[in-house]
Amino acid sequence: MNPEVVTVGLGYIGLPTSALIASHGTKVLGVDINQQVVDTINQGKIHIVEPDLSDNVSKAVSNGFLRASTKPISADIYLIVVPTPFKGNYEPDISFVEAATNEIIPLLKKGDLYIIESTSPIGTTEKMQKLIYSLRPELEGVIYIAYCPERVLPGNVMNELVENDRVIGGVDEVSTQKAISFYAKYVKGRLHGTNARTAEMCKLVENSSRDVQIAFANELSLICHRADINVWELINLANKHPRVNILQPGCGVGGHCIAVDPYFIVSDYPMESKIIRTAREVNNYKSFWCAEKIQNEKLQFQLKHGRKPITALMGLAFKPNIDDLRESPAKFIVQKVLQSSNNEKHYIVEPNIDSHSVYKLTDYKIAAEKADIIVFLVAHKEFRNLKIYNEKIILDFSGVNK
Ligand code: SAJ
């Protein structure tokens, strides 16, 4: 029997989404170009780290509601959940969405629903609509096309997929309503209908908004450093105002969403997106600034003590308490520091992973005990209340000891 739903892309969002839909007794075929991923899932196993996902996938596969393949087959509903990276010049690359759509086009039939979930530049859904109708003109007006961005937090995906509100934008009203009825079966959060362009923009704006707010905090941290004010105390006090809610500064912004999505707006609307672009610059600059500070501190130490310091670089992940190193500013800073190292000793610490292909990792307690300079790049829980002996120089970029 053919599946009811085909999901194209079995990554961080596509696989949990497929498992959720399948857990409601809907037959799902998950499609991925990677044969290894397909084989892993068909064995009821998973290839990514995400709480509760493993259980959901193994149940869905053993119950026969989830199956994976490298090729899509005919269904009633198609979800496109593939990556949209950017090219070297920060221009969004929608070629995966296009390729996935091209695979689906021959399978489409009257009454089908086609939904893009991938983060996409404004106008992508309409572009795909045109592509579909150019190859299958007889489908015009008889299929439904919508955009519905995912907005889940890595580490809490299975819960947020169900609980979060969703924004759903069709290319026409009837498509919006069809897509809303589809998500209503799986989502407890409210489903907000709009048009496709607004839904696309909404996703980009959510992450840009966070990027801009973090940039504000990072800018404050630079000003406070020069003004000799503790930025963490300052933000804490300012946030006592009932209508102020400043985020936390750090060593830059990482991950695969917030540091990426704003470019989708800047690239298409460069003249109008001054704050969004500047926020990206401020957040990127913060990582450079941290690397420079570490260099300076090491130099000062050598001048004062007549020997090279031992430095502990604490944290590699892109945010606290995860093992994800993608687009991590901490990793970038470690790289920069090691590149400009003059044979000094460095301990690299990441308590959330056992080993790394490039860096030799050291236990956080040992590193903190042996180092002269301790740099907190990520506010992992292990680093809080760490016993640190006198005489150590501490650079806390992440507010571990705030
Ligand atoms: N960060 C700060 N200061 C803060 C908060 C975060 O420097 O006060 C840094 C983090 O250390 C990290 C980066 O920002 O480097 C991003 O972390 P995050 O926790 O803000 O976001 P992500 O990338 O894990 O997930 C985001 C979420 N978006 C928003 O909160 C608006 C999530 O809901 C989205 O689904 C996800 O991006 C996505 O897929 O777009």
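Of the 402 residues of this protein, 51% count as buried. The model is a predicted one. Its secondary structure consists of 13 helices and twelve strands.

Start with the overall dimensions. Along the principal axes, the C-alpha atoms fill a box of roughly 80 × 50 × 40 Å. The radius of gyration is 24 Å. A compact globule of 402 residues would come out near 21 Å, so the value for the protein agrees with that rule.

Next, the contacts. Take those with a separation of 6 or more: 70% of them join residues 24 or more positions apart.

The surface follows. The accessible area of the protein is about 19300 Å². Carbon and sulfur atoms hold 51% of that area. Among the side chains, 45 are positive and 46 are negative. The centres of these two sets lie 4 Å apart.

Helix 5 covers residues 124-135, twelve residues in total.

Which residues of helix 5 are buried? They are T124, T125, M128, Q129, I132 and Y133. The spacing of such a set can be read against helix geometry. An α-helix has 3.6 residues a turn, so residues three or four places apart point the same way. What covers the buried residues of helix 5? The cover includes two helices, helix 4 (95-104) and helix 8 (196-227). It also includes strand 5 (113-116) and strand 6 (144-147).

Finally, look at the backbone in two loops. Most residues other than glycine have a negative phi. E327 is not a glycine, yet its phi is positive, at about 50 degrees. E327 sits in the loop that runs between strand 9 (310-314) and helix 12 (329-339). Is E327 buried, partly exposed or exposed? Its relative accessible area is 49%, so E327 is partly exposed; the exposed class begins over 50%.

N385 also has a positive phi, near 55 degrees, and is a residue other than glycine. The loop that holds N385 lies between strand 11 (373-376) and strand 12 (393-396). With 78% relative accessibility, N385 counts as exposed, because that class needs over 50%.

Definitions and conventions. Residues numbered from 1 in each chain as written. Heavy atoms only, no water. Helix = DSSP H or I, 4+ residues; strand = E, 2+ residues; numbered from the N terminus. Rg over C-alpha atoms; globule rule 2.2 N^0.38 Å. Buried < 20%, exposed > 50% of the residue type's maximum accessible area, 1.4 Å probe, protein only. Contact = heavy atoms within 4.5 Å. Areas by Shrake-Rupley, 256 points an atom, 1.4 Å probe, with all protein chains shown as cover. Lys, Arg positive; Asp, Glu negative; His and termini not counted. Charge placed at Lys NZ, Arg CZ, Asp CG, Glu CD. Expected span 1.5 Å × (residues − 1).
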